[in-house]
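Here is a short briefing on one model.

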Amino acid sequence: MHGGRSLFLVTDSGLIFEHVYTENVWLWLRHDSPIAIKGALGNYNGSLFLVDIYGSLLIRERSGSELTWINCTAMRKGRQVIGGPPWDAIPGKDMKVTSEDAIFFTSKNGRLLQFTVALRKFKWKDCKHPPGTKVSSIIDQELFRENIVFVIGRNGRLYQYNRVIELWHEHYQSQHLVLSRVPGTAMRSSLLSLTGSLFMLSEDGGLVEYHWNSLDGWSWVEHGTPHREVTLVGSPSPCFEGNSLFLIGSDGKVYLRYMEQMIWRWKNCGFPSWGQVNVEDQRRAEAADVREAVCTDEQKPNDINKHCNTKVSSTRPIPYSEDSVIFELRDGRLAEIQRGEDSQWTWSRIISTPTSLCLENYWTAVAS
């Protein structure tokens, strides 16, 4: 939520925790909620948007010295939601605030919903859905094109909604290409250029690019997978510097897709290793220095117990800063990968979480 200073974790049981850096110490703080929370859908101007288990859209924000909840679904024409736009904005970077600002969500019945947030004049609007299908997920909200929201329909095809003229448009797509229903991401080499791409996954787990330039217009590019034995799972990460993004493999490893000298390449970043990254124990409240580590896929030979697994889960990675991305591990902990001065991405730390069994059993073993 605040680049490099805090992040939020929603547990499977509906609890909310905030990982905060204060007075040189990282702490986990619990946020009490009236109803169990299902997930975090977005943020705007310091406010966090979440959805509860009943589909109600909630705002968690600070009012003076107090933290408050606002139920947006309870407002006039309020709707229940199940998804929101990708978290592609880099936390901590200045965001342009306008009088037309809105956040788009998907409803339980497959409609695109617009929720105006500008100047706190909250207002709902039903944007309906593309002709012949319903909305499955949002690929991009106005990062690739101003006033345009790209979505994937439940039929696996790509559509866009123009919020100015309020019309839907279906993009050309060959019949053999069926898109996965998970969210995608947008990539632009420069804000001054319209050239760029939308990245999505295909139904069979390959990376797909929908590219636009002024000479050729729109074109599809199928990047496939890093190698035959691996498919891609979950959603692509946000893009960095207009030429790279992270993908998660079915083998629990992280793969970097990047362009070098106009050629797309794959890099296997593996998953964090016990012996080469800093493991933070929040219960001891120690502010340990973060040490860089080379990407590796080797597990420590004498792992503490079966509850510890540093392979990466399919949860979509989120940007933590301009040079940092957070992943969820299969054992419930978090891991951070950072870009160093040499522009290389390396695993830097494993962040223990309040709900991971790995940490509890680790310190039990150490104490004995």
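**Sheet, disulfide and buried residues**

An open sheet of 4 strands has antiparallel pairing and runs in the order β12-β13-β14-β15. Strands (E, at least two residues) and helices (H or I, at least four) are DSSP runs, numbered from the N terminus. Strands count as paired if DSSP finds at least two bridges between them.

This is a predicted model: local features need pLDDT of at least 70, side-chain atom pairs count only at pLDDT 80 or more, and totals for chains, interfaces and linings use all residues. Residues are numbered from 1 along each chain as its sequence is written, and side-chain values use heavy atoms, with hydrogens and water left out.

- β12 (135–141) and β15 (167–170) are the edge strands, and each pairs on one side only.
- From one strand to the next, the twist averages 30 degrees; axes are lines fitted to C-alpha atoms, for helices over the stretch in contact, and angles run from 0 to 180 degrees between N-to-C directions.
- Strand β14 (residues 158–162) is joined to β15 by 4 bridges, and the two run antiparallel.
- N162 has L167 in β15 as its bridge partner.
- In general, strands of a sheet pair through backbone hydrogen bonds, either parallel or antiparallel.

**The disulfide**

- The structure holds 1 disulfide, defined as a pair of cysteine sulfur atoms within 2.5 Å.
- C308 is joined to C358, with an S to S distance of 2.0 Å.
- C308 sits in the loop between β24 and β25 and C358 in helix α1 (residues 357–367), so the bond ties together parts that are 50 residues apart in sequence.
- The disulfide is right-handed, because the torsion about the S-S bond of C308 and C358 is about 95 degrees.
- C308 is buried at 6% relative accessibility; buried means under 20% relative accessible area, exposed over 50%, and partly exposed in between (1.4 Å probe, protein chains only).
- C358 is buried too, at 0%.

**Other buried cysteines**

- C127 has a relative accessible area of 4%, so C127 is buried.
- C269 counts as buried at 0%.

**Around L256**

- L256 lies in strand β22 (residues 254–260).
- Its relative accessibility is 6%, so L256 counts as buried.
- Beyond four places in sequence, L256 is in contact (heavy atoms within 4.5 Å) with residues including F246, W266, C269 and W345.
- G270 is 14 residues from L256 in sequence and 9.8 Å away in space, C-alpha to C-alpha.

**Around S313**

- S313 lies in the loop between β24 (278–280) and β25 (318–321).
- S313 is buried, with a relative accessible area of 13%.
- Not counting residues up to four places away in sequence, S313 touches I248, E328, L329 and R330.
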